[in-house]
Amino acid sequence: VIALALEEQDGCVVVFKIRDGKVIGRQHFYLQGVEEKSLPEVLSHFLQQYYLEMEYYPNQLLLPDHPTEEDLISEWLNKQAGQKVELIVPQQGEKRKLLELCQKNARFLLDELLLQKDRRKEAMAFNIKILQKDLHLPHPPRVIEAFDISNLQGQDAVASMVYFANGKPRKSEYRHFKIRSKDSPDDFAMMREVVYRRYHRLLEEKRPLPDLILIDGGKGQLSSAFQVMAELGIADQPVIGLAKRLEEVFIPGAGEAQNIPRSSAGLKLLQQIRDESHRFAISYHRQ
């Protein structure tokens with residue numbers, strides 16, 4: 001007995017193995033990317049995958065619907081099994097009850113999966129809310145862009161920018177920069193260059209600015225970035241610096257580091273983003 005539950009891009013298939021009217025085994029499989037597919041299409045694809053290399057084939061398959069290209073699927077199954085495999089879509093009786101029981105299992109398991117996904121989303125949102133509170137930001141920092149510089153005594157200097165949306169990296173938005181202005185070790189000037197290039201371009205293209213800019217470094221690097229924002233005429237843009245040595249968070253105009261607990265989920269998110277920008281910068285520098 002095979003039943004399916006589908007919702008948007010997710011799905012669940014449950015298989016009951018029946019012998020002498022009793023369930024002797026059950027399996028379930030989660031599916032992704034099914035949002036544009038019909039139940040018959042998903043069913044057809046699953047049958048081909050599941051019975052591709054099966055040691056035991058049943059005499060009958062109880063299905064919730066007729067699979068697409070049913071004649072071809074039936075012919076293929078018969079050939080694979082070396083026997084007749086009957087495809088049945090039961091409408092009543094004991095077979096219908098078995099199918100409905102299988103269907104309830106599939107729906108229950110899919111609901112559990114969707115609930116877990118919702119909880120994971122809420123956990124990410126919690127990180128962002130905590131970060132907003134830690135930094136006293138006017139809006140939740142749903143989009144964060146972070147910069148890091150990588151060079152050897154000023155040679156082959158490069159910079160990275162990583163992009164996090166809702167607490168998750170979006171690698172398609174990552175950018176790297178080859179430093180043009182300096183060939184001597186001057187991280188402040190390099191930071192000014194890449195921040196200017198990034199946000200001058202966003203302004204030209206009339207694209208939205210991030211909710212938060214994270215600079216890898218202390219007061220000097222942060223000051224460099226803040227000067228650039230002023231030159232570009234960008235006001236009220238949240239910018240912070242995260243110094244590696246003591247994991248201190250600096251904001252423009254504040255002489256001392258912000259008092260953020262080491263256990264804060266917001267600080268841990270900043271560390272994750274900073275570490276990712278550092279990894280991305282080093283990989284480009286090596287290249």
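**Notes on the predicted model**

1. Leu 43 touches Ile 2, Leu 4, Leu 63, Pro 64, Asp 65 and Pro 67, leaving aside residues up to four places away in sequence; a contact means heavy atoms within 4.5 Å. Leu 43 is part of helix α1, residues 39–50. Its relative accessibility is 0%, so Leu 43 counts as buried (buried is under 20% relative accessible area, exposed over 50%, partly exposed in between, with a 1.4 Å probe and protein chains only). Ala 81 is 38 residues away from Leu 43 along the chain, and their C-alpha atoms are separated by 18 Å.

2. On provenance: this is a predicted model, in which local features need pLDDT of at least 70 and side-chain atom pairs count only at pLDDT 80 or more, while totals for chains, interfaces and linings use all residues. Residues are numbered from 1 along each chain as its sequence is written, and side-chain values use heavy atoms, with hydrogens and water left out.

3. The protein has 6 helices and 12 strands; these are DSSP runs numbered from the N terminus, with helices being H or I of at least four residues and strands E of at least two. The radius of gyration is 28 Å, well over the 19 Å that the globule rule gives for 287 residues, so the protein is more spread out than a compact globule. That radius is taken over C-alpha atoms, and the rule is 2.2 Å times the number of residues to the power 0.38. Along the principal axes, the C-alpha trace spans about 80 × 40 × 35 Å.

4. Of the 287 residues, 44% count as buried. Among contacts between residues at least 6 apart in sequence, 62% join residues at least 24 apart. The accessible surface comes to about 16,700 Å², and carbon and sulfur atoms account for 48% of it (Shrake-Rupley method, 1.4 Å probe; for residues, only the protein chains shown count as cover).

5. Charges: there are 40 positive and 41 negative side chains, and the centres of the two sets lie 3 Å apart. Lys and Arg count as positive and Asp and Glu as negative, without His and the chain ends; each charge is placed at NZ of Lys, CZ of Arg, CG of Asp or CD of Glu.

6. Which residues cover the two faces of strand β11? Val 239, Gly 241 and Ala 243 are on one side, Ile 240 and Leu 242 on the other, and all are buried. In a regular strand the side chains alternate between the two faces of the sheet. With 5 of its 5 residues (239–243) buried, β11 is largely enclosed by the rest of the structure. Strand β10, residues 212–216, runs parallel to β11 and is joined to it by 4 bridges; strands pair if DSSP finds at least two bridges between them. Leu 214 stands opposite Ile 240 in β11.

7. Strands β2 (residues 10–19) and β3 (residues 22–32) run antiparallel, joined by 10 bridges. They form a hairpin with 2 residues between them, and Arg 19 stands opposite Lys 22 in β3.

8. Two backbone angles deserve a look. Asp 20, in the loop between β2 and β3, has a positive phi of about 55° although it is not a glycine. Asp 20 is exposed, with a relative accessible area of 76%. Glu 69, in the loop between β4 (60–62) and α2 (70–81), also has a positive phi, near 50°. Glu 69 is exposed at 57% relative accessible area.
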